[in-house]
Amino acid sequence: MRGEYKVPGGKLVAVDVEVDDGRLTGTSVSGDFFLEPDTALEGINAALDGMPSSASAGQLAQAITARLDEGTALVGFSPEAVGIAVRRALGHATSWADHTFDLIGPETMDPAMHVALDQVVTEEVAAGRRRPTMRFWDWDAPLVVIGSFQSVSNEVDGERAAAHGIDVVRRISGGGAMFMEPGNCITYSLVVPQSLVEGLTFEQSYSFLDDWVLGALAEIGVNARYVPLNDIASDQGKIGGAAQKRVAGGAVLHHVTMSYDIDAEKMLQVLRIGREKMSDKGTRSANKRVDPMRSQTGMARLDIIGAFMAHFRSRYDTVAGSYTTAELQRARELIETKFRHPDWTFRVP
């Protein structure tokens, strides 16, 4: 059996392996990485031979680390990368090429519907009723979407939000607040089986799941990189941020919001923490806007989304997707019973 894993920003690791009586045997690690001394490769193979075929990527990595001499240099890969390649060889982990993705373009709706659809689509993927899904948001009303663990009163100035007609909804993932007005940012949600991030730490899974968008940004002229833990930045500064949620049953929700053309003055009135975060950026003029995607690309927002979708299609196997009637009905029910219900919104007052 053979498994491969391309380290984001690094090298390819391949593993050929057999299983005999529940143990790894005949293990052979290869790739375009660098390793000094070269005899350490024999140690990596020996560390894997005899390990249980049920061992996790982390356990395999620990066995490799324990076997290597101090001073061994692994360049472009890591013991964890080898562990992931082994898990893929054994069928416990999957790669992008193992999946076909539903690709859903932006559909304009109440932004709270998109918050609810994050939960619905993730549950459907976990249950095996839906393919892995990439979907883009579009919305017709303003909203502040706060992270699952944020305090409403600490994050949002309720009086000013009400004065601007802006509601507050709590999402299922962690992270910071999203200030959303129609046309002011680019948001997408990627839902994948947990097998795709098998062996990755939470931190590693962020950059792994957004490696594609760095390529998409490069195609439209933005030199972007991932900044741990969850930010995407360009040469001119932060573009956006990511958040994740893993659900029982084995699915991962990964969503990203990028600033396209945000009214910074209004945002600073509504978001309390936003005032502190922006205090050193000279954003005091009422005419000041946060527009990294618009100013750096010169492109219309929907054209950027179209370019992102085209790049995703070029890298992965996709089919045109849509929401089912049942999914939309479930999302509407969740809006009433959860996402616009005070018990959920103010669970952290």
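This is a predicted model: local features need pLDDT of at least 70, side-chain atom pairs count only at pLDDT 80 or more; totals for chains, interfaces and linings use all residues.
G58 counts as partly exposed, because its relative accessibility is 35% (buried means under 20% relative accessible area, exposed over 50%, and partly exposed in between, with a 1.4 Å probe and protein chains only). The residue is found in helix α2, where helices (H or I, at least four residues) and strands (E, at least two) are DSSP runs numbered from the N terminus. Residues are numbered from 1 along each chain as its sequence is written, and side-chain values use heavy atoms, with hydrogens and water left out.

Two helix pairs were examined. Two packed helices are described by the angle between their axes and the distance between the axes. Helix α2 (residues 57–67) and helix α3 (residues 79–89) have axes that come within 8 Å and cross at roughly 130°; axes are lines fitted to C-alpha atoms, for helices over the stretch in contact, and angles run from 0 to 180 degrees between N-to-C directions. α2 is therefore oblique to α3 (angles under 35 degrees count as roughly parallel, over 145 as roughly antiparallel, 65 to 115 as roughly perpendicular and the rest as oblique). The crossing of α2 past α3 is right-handed, which applies if the near helix is turned clockwise from the far one by less than a right angle, and left-handed if anticlockwise. On the α2 side, A57, L60, A61, I64 and T65 meet P79, E80, V82, G83, I84, V86 and R87 of α3, contact being heavy atoms within 4.5 Å. By class, eight nonpolar, two polar and two charged residues make up the contact of α2 with α3 (Ala, Val, Leu, Ile, Met, Phe, Trp, Tyr, Cys and Pro count as nonpolar, Asp, Glu, Lys and Arg as charged, and the others, Gly among them, as polar).

Helix α3 is mostly covered, with ten of its eleven residues buried. The buried residues are P79, A81, V82, G83, I84, A85, V86, R87, R88 and A89. α3 also lies across β1, β2 and β3, and runs at about 140° to β1. Just after α3, G91 takes a positive phi of about 85°.

In α8, D211, W212, V213, G215, A216, L217 and E219 meet F308, H311, F312 and R315 of α12. The contact of α8 with α12 has six nonpolar, two polar and three charged residues.

The strands β1, β2 and β3 form an open sheet in the order β1-β2-β3, with antiparallel pairing; two strands pair if DSSP finds at least two bridges between them. β1 (2–6) and β3 (23–31) stand at the edges with a single partner strand each, so one side of each is left without a neighbour in the sheet. The twist averages 20° from one strand to the next. Strand β2 (residues 12–20) is joined to β3 by seven bridges, and the two run antiparallel. V15 has V29 in β3 as its bridge partner.

A further open sheet of three strands has the order β9-β8-β10 and mixed pairing. Its edge strands are β9 (167–170) and β10 (178–180), each of which pairs on one side only. Here the twist averages 20° from one strand to the next. β8 (residues 143–146) pairs with β9 in the parallel sense over four bridges, and V169 in β9 is the bridge partner of V145.

R171 lies in the loop between β9 and β10. At 4% relative accessibility, R171 counts as buried. Neighbours within four places in sequence aside, R171 is in contact with V115, V145, I146, G147, S148, G176, M178, A243, H255, F339 and W344.

Strand β7 (residues 133–139) is largely enclosed by the rest of the structure, because seven of its seven residues are buried. T133, R135, W137 and W139 point one way from β7, and M134, F136 and D138 the other way. Strand β6 (residues 100–109) runs parallel to β7, and six bridges join them. The bridge partner of M109 in β7 is W139.
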